[in-house]
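Q: Please take one part of this model and go through it closely. Keep it brisk, and give the cut-offs as you go.

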Amino acid sequence: MHKPILKRCGIVLIVVGALDIAYMVWCVANDRSYSSSLNIFAVVAGILLVRGSLKTARWVAMGASFLFAAGALAIVALPFMYPIGYWFAVLRHSSGVAATIVIALALLLVLFWIRQQLLRPEVLKAEQDAGVRPPRIRLAATIGAVLPVILVTVLGFMFHGDTAKEAIRRAHQQLSGNYQYVVTSMQMNSTPTEKNVAAVVVAYDDTEVRSILVKWKE
């Protein structure tokens, strides 16, 4: 029977969504940055799955395929954006990054499990009998795999271009010591007369990691 499968997946989604909402509240209360696309959507989808919605099962299967492919490719592609020394320094001196990686890997495992459960023959047969179109898994996974590659490629060019070099030069002027520098974020706003640039530059060595915000007009 397909209903116990939907119920299990629904309960897992509700738990994941509730934990994400709790984390969002904690981040807001402690003035921390927060980025996630699950929270309330996971809870709503979980409730619908617990109630046996086969249409929801179809969409969740595609969504899980998309997010799993995007997350897996992002984890593979992101390390190539920065020197290996930067990643060692961040992992060594920032426990938050290590925790984020562990959480991301755990979430990928959950997404993979949900995907496999909702693609079981019992579920697909129930969807067919109910007149629900089969999930377009390959399309969802392909889009999910392509997007992070495009994003990392674009960000790679941005973070290693002339503007990034200027940001590093300005950050270097603010510090003394033998640091290595990488640009981790950048914003550019243009007007008819000038361009405003704001960038976060990370300076790192064997003992510490520091973030420097630089701003200028061109």
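A: G46 touches G10, L13 and I14, leaving aside residues up to four places away in sequence. A touch, or contact, means heavy atoms within 4.5 Å. This is a predicted model, in which local features need pLDDT of at least 70 and side-chain atom pairs count only at pLDDT 80 or more, while totals for chains, interfaces and linings use all residues. Residues are numbered from 1 along each chain as its sequence is written, and side-chain values use heavy atoms, with hydrogens and water left out.

G46 sits in helix α2, residues 39-50. Helices (H or I, at least four residues) and strands (E, at least two) are DSSP runs, numbered from the N terminus. G46 counts as buried because its relative accessibility is 0%. The cut-offs are under 20% relative accessible area for buried, over 50% for exposed, and partly exposed in between (1.4 Å probe, protein chains only). P79 is 33 residues from G46 along the chain, and their C-alpha atoms are 33 Å apart.

Now the sheet. Three strands make an open sheet, in the order β1-β2-β3, with antiparallel pairing. The edges are β1 (180-190) and β3 (209-217), each of which pairs on one side only. From one strand to the next, the twist averages 15°. Two strands pair if DSSP finds at least two bridges between them. Strands of a sheet pair through backbone hydrogen bonds, either parallel or antiparallel.

Take β1 and β2 together. They run antiparallel and are joined by 10 bridges. V183 has V201 in β2 as its bridge partner. The two strands form a hairpin, with 4 residues between them.

E194 belongs to that loop between β1 and β2. Which residues does E194 touch, beyond those up to four places away in sequence? They are N189, K217 and E218. E194 is partly exposed because its relative accessible area is 28%. R115 lies 79 residues from E194 along the chain, and 49 Å separates their C-alpha atoms.

On to β2 and β3. Strand β2 covers residues 195-204 and pairs with β3 in the antiparallel sense over 9 bridges. A199 is opposite V214 in β3. Y204 is opposite V209 in β3. A hairpin of 4 residues links β2 to β3. How much of β2 is covered? Mostly: 7 of its 10 residues are buried.

Helix α4 (residues 84-93) lies across β1, β2 and β3, at about 70° to β2. Helix α8 (residues 162-174) also lies across β1, β2 and β3, at about 115° to β3. For these angles, axes are lines fitted to C-alpha atoms, for helices over the stretch in contact, and the angles run from 0 to 180 degrees between N-to-C directions.

Last, a surface feature. L139, I143, V146, L147, I150 and V154 form a nonpolar patch with about 490 Å² of accessible area together. Patches take residues with over 30% relative accessible area and no salt bridge, joining like charges within 9 Å and nonpolar side chains (Val, Leu, Ile, Met, Phe, Trp, Tyr) within 5 Å. A salt bridge is a side-chain nitrogen of Lys or Arg within 4 Å of a carboxyl oxygen of Asp or Glu. Accessible areas come from the Shrake-Rupley method with a 1.4 Å probe, and for residues only the protein chains shown count as cover. I150, one of the patch residues, lies in helix α7, residues 137-159. I150 is partly exposed because its relative accessible area is 46%.
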